[in-house]
Amino acid sequence: MLKRIVVIVFMVISLSLQGCVPGGVTGFNSFVDATDGYQFLYPNGWLQVKVSDGPDVVFHDLIEQTENVSVVINPVDSGKTLKDLGQPGEVGYKLSKSAIAPPGSGREAELVNAEAREVGDKTYYLLEYAVKLSDNRQRHNLTSVAVSRGKLYTFNASTPEARWEKMKDILEQSVKSFSVY
């Protein structure tokens, strides 16, 4: 009788804990920056990296350390919306020239896909890039861009092209989880 009670209690606790994972997403940890007003999911096993003079936050894979997600925050004119900055393709092109492959960096970025999505009252542009580094290594980047409270938020997920097929779904989930408030 005692074994049955223990098994029932264990099952109830297990089922209750499954409800604690947001949206049924497993294999991810949550990062929340309440000060700057954003949050996202990143893959289990990734570590936060301390950076200065760059992104607000960076996480990278423990094994494949060049695989990473990051958030960059820049000011925009007060009252500007993401749509005021341009359509997804226009913003994606500008971002490729100013941040992903700026002049003199030796990098090349091709905008593969650009689309808009609405989540609540916020607009997000989802951008996909094929990136060639100065040493001819190939990378794949997924980016989510949003404007909130006079700031342009850029969430970027990057992986070597050789791992793109393996990481595609994981990085897409992470990028689509990014939200600003």
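Predicted model: local features only at pLDDT ≥ 70, side-chain atom pairs only at ≥ 80, totals over all residues.
Residues are numbered from 1 along each chain as its sequence is written. Local features need pLDDT of at least 70, and side-chain atom pairs count only at pLDDT 80 or more, while totals for chains, interfaces and linings use all residues; side-chain values use heavy atoms, with hydrogens and water left out.

**The seven-stranded sheet**

Start by colouring the strands. Helices (H or I, at least four residues) and strands (E, at least two) are DSSP runs, numbered from the N terminus. Two strands pair if DSSP finds at least two bridges between them. Select the open sheet of seven strands, ordered E3-E4-E5-E9-E8-E7-E6 with antiparallel pairing. Its edges are strand E3 (46–49) and E6, each of which pairs on one side only. From one strand to the next the twist averages 20°; angles run from 0 to 180 degrees between N-to-C directions, and axes are lines fitted to C-alpha atoms, for helices over the stretch in contact.

Next, select E4 and E5, which are antiparallel and share four bridges. Here Phe-59 stands opposite Val-69 in E5.

Move to strand E6 (residues 108–119) and E7, an antiparallel pair joined by 11 bridges. Val-119 has Lys-122 in E7 as its bridge partner. The two strands form a hairpin with two residues between them, and Gly-120 in the turn has a positive phi of about 65°.

**The three-stranded sheet**

Now select the open sheet of three strands, E1-E2-E10 in order, again with antiparallel pairing. Strand E1 (28–33) and strand E10 (179–180) are the edge strands, each pairing on one side only. Strand E2 (residues 38–43) pairs with E10 in the antiparallel sense over two bridges. Zoom in on Gln-39: its bridge partner in E10 is Ser-179.

**Helix H4**

Show helix H4 (residues 164–177). This helix lies across E1, E2 and E10, running at about 165° to E2. Contact means heavy atoms within 4.5 Å.

**The largest pocket**

Turn on a pocket display. On a 1 Å grid over the protein atoms alone, a pocket is an open set of points where a 1.4 Å probe fits, with protein on both sides within 12 Å along at least five of seven lines; lining residues have an atom within 4 Å of a point. Grid points are joined across faces, edges and corners, and a volume is the space filled by probe spheres set on the points.

The largest pocket holds about 650 Å³ of space. Of its 27 lining residues, Leu-95, Ala-99, Ile-100, Thr-154 and Asn-156 are the closest to the centre. Strand E5 (68–75), helix H3 (88–100), strand E8 (138–148) and strand E9 (151–160) each give two or more residues to this lining. H3 supplies the largest share, six residues. The lining divides into 14 nonpolar, nine polar and four charged residues. Ala, Val, Leu, Ile, Met, Phe, Trp, Tyr, Cys and Pro count as nonpolar, Asp, Glu, Lys and Arg as charged, and the others, Gly among them, as polar.

**The second largest pocket**

Here the space is about 160 Å³. Select Lys-80, Thr-81, Leu-82, Lys-83, Asp-121, Lys-122, Thr-123, Val-147, Ser-148, Arg-149 and Gly-150, which line the second largest pocket. Helix H2 (82–85), strand E7 (122–132) and E8 each supply at least two of the lining residues. Two of the lining residues are nonpolar, four polar and five charged.

**A salt bridge**

Finish with Arg-163 and Glu-67. A salt bridge is a side-chain nitrogen of Lys or Arg within 4 Å of a carboxyl oxygen of Asp or Glu, and by this rule the count is four. In the salt bridge between Arg-163 and Glu-67, the closest N and O atoms are 2.7 Å apart. The pair links distant parts of the chain, 96 residues apart: Arg-163 is in the loop between E9 and H4, and Glu-67 in the loop between strand E4 (57–61) and E5.
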